[in-house]
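Subject: Structure handover

Dear colleague,

Please find the sequence and structure below. My notes on it follow.

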Amino acid sequence: MNKVGIVATGITPFTMDDKKIESVLLESTKELLKNNPSIPKNEIDSVIVSTNNNSKYLSPILSEMIGIKPKIAHSIENLCNSGTNSIVSGYSYIASGLADLVLISGAERYDSPGQILDWDNSRGAFKHPIFWASIFTSAYKREFSIKDEDLAIISVKNHKHAQKNPNALSKKTYSINDVINSKAITGDLKLLDCSRSCTGSASILLASEKIAKEISDNPVWITGIGQKTISAGFTKNDSLSSMESTKISSKNALKMAQKEIEQIDVAEIHDAFSVCEPMALESIGFTNSGNGLKFAKELHESDNFKINPRGGLIGSGHPLGATGIAQTIEIVQQLQSKAHNRQVENAKTGLVHNMSAAATSSTVLVLET
Amino acid sequence: MSFESELSNGNFCIPKCTNCTKIVWPPSEFCDGCYGIVSLLKGNFEGEIIEFSQDSHGYFCMVEFVEKIRIMARKKEQPQIGQIVKISTCGIKDESYFFEII
Ligand SMILES: [Zn+2]
């Protein structure tokens, strides 16, 4: 299998702007190409667009807008983990020898249709993500005797981190009291516990080992990939206080990279709602069951940016199709020591966790310099 | 009658494979194990509340029936974990199933 490296990235601010998806898509792609003038644009032989938007033929459209004629061009939709699914597909094209240089661009509008999974009728009338998040939160609080103020630390920490991310949607820090006194969405969910669907775009360029070494001084290598789909329907989750698909994905990603969890220096975790972060931290193996919030609180109190340095989904905003790519870009910047005032010192190995629809499916990537 | 036409008439049925007897959930015309034809069991089934929360309209619960059939259902009175309940009202509205339990 050919080695695959990340050789360029492009990301633009996440907003609530009402723009055409094609314009949003072009923003980060333009940024990527502008910031990396040495990239041989005409050698990009594959373009993958990650989005839940209903517009058609977006990958050929993007290719035409940037003036290239790739061999492979198509979209990928898999709800919230469309981004890392696109990266895994791009990886596979290169690893198999089908392509050498793959552009992956994710984009979404604030009104993304990817928020609601119409098919999942076992959810009855409760199809909005706030309902599975409320059930997860209630189950997690019950199982581990957690209070709302304990859970609020995730939102406090991630909004704090977001203030050091110029592309983040959040422009404000919040206290524990602010979080627990924010508008009640349900009995178990406050407004500040939720990530916000927004408009945003993020792009990444993958290259084969040979080309990566030619066009980049410091490529970041994708050394581990783990993916698992348990179901499409939320009610098929056996456990409501842990993430089975995440457990399997992270185990396989770490095994492929020949790493132990202790060797992960920095991680992006899919905190669609506050409760998702401790659940994921435990399921990935950063800490034992029920200790995720203690782990996050210690990081927050020591101002350690190891988990969700860019502010996670809660702080950065959640443009669904762009999220997994934005998470990956953050880890690339961390490993290249380009994360400015949110830099985690000596970060050599990083992890990305991206999931969909109440963790019915997960992707975990391990990245290394 | 299909699961959905029964549900539209207010009847919650349990889909079961006529070939291998597996309970098929979510409802489908064919068994997800052997692709056999699915029939519908009728009855006043009992389920157990395994988790719940609430919003401004009342409580919403995850209810588990036989062989891990789970649905999300509305409940007016305070639910208890482990409480045995039955579907009082169900149907299809705006292309979505809805269930109410007592
Ligand atoms: Zn069968």
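In H3(A), residues Ser82(A), Gly83(A), Thr84(A) and Ile87(A) touch Gly321(A), Gly324(A), Ile325(A) and Thr328(A) of H12(A); contact here means heavy atoms within 4.5 Å. The contact residues comprise 2 nonpolar, 6 polar and no charged (Ala, Val, Leu, Ile, Met, Phe, Trp, Tyr, Cys and Pro count as nonpolar, Asp, Glu, Lys and Arg as charged, and the others, Gly among them, as polar). The axes of H3(A) and H12 (residues 320-335) of chain A are 5 Å apart, at an angle of about 65°; axes are lines fitted to C-alpha atoms, for helices over the stretch in contact, and angles run from 0 to 180 degrees between N-to-C directions. H3(A) is thus roughly perpendicular to H12(A) (65 to 115 degrees; under 35 is roughly parallel, over 145 roughly antiparallel, the rest oblique).

This is a predicted model, in which local features need pLDDT of at least 70 and side-chain atom pairs count only at pLDDT 80 or more, while totals for chains, interfaces and linings use all residues. Residues are numbered from 1 along each chain as its sequence is written, chains are lettered from A and ligands numbered from 1 in the order in which they are written, and side-chain values use heavy atoms, with hydrogens and water left out.

The zinc ion has as protein donors the SG atoms of Cys17(B), Cys20(B), Cys31(B) and Cys34(B), 2.2 to 2.4 Å away (donors are N, O and S atoms within 2.8 Å of the metal, 3.2 Å for Na, K and Ca). Their spacing in sequence is C-x2-C-x10-C-x2-C. Cys20(B) and Cys31(B) both lie in the loop between strand S1 (14-17) and strand S2 (38-41) of chain B, so this pair ties together parts 11 residues apart in sequence (helices, H or I, at least four residues, and strands, E, at least two, are DSSP runs numbered from the N terminus). The arrangement is tetrahedral because the 4 donor atoms subtend angles of 97 to 117°; for four donors, all angles must lie between 85 and 135 degrees. Cys31(B) is buried at 1% relative accessible area, whereas Cys20(B) is partly exposed at 35% (buried is under 20%, exposed over 50%, partly exposed in between, with a 1.4 Å probe and protein chains only).

Some backbone points remain. Tyr35(B) has a positive phi near 65° and is exposed at 64%. Leu79(A) has a positive phi of about 55° and is buried at 15%.

Regards

Notes:
Four donors count as tetrahedral if all angles lie between 85 and 135 degrees; four count as square planar and six as octahedral if opposite donors are over 155 degrees apart and all others between 65 and 115; anything else is irregular.
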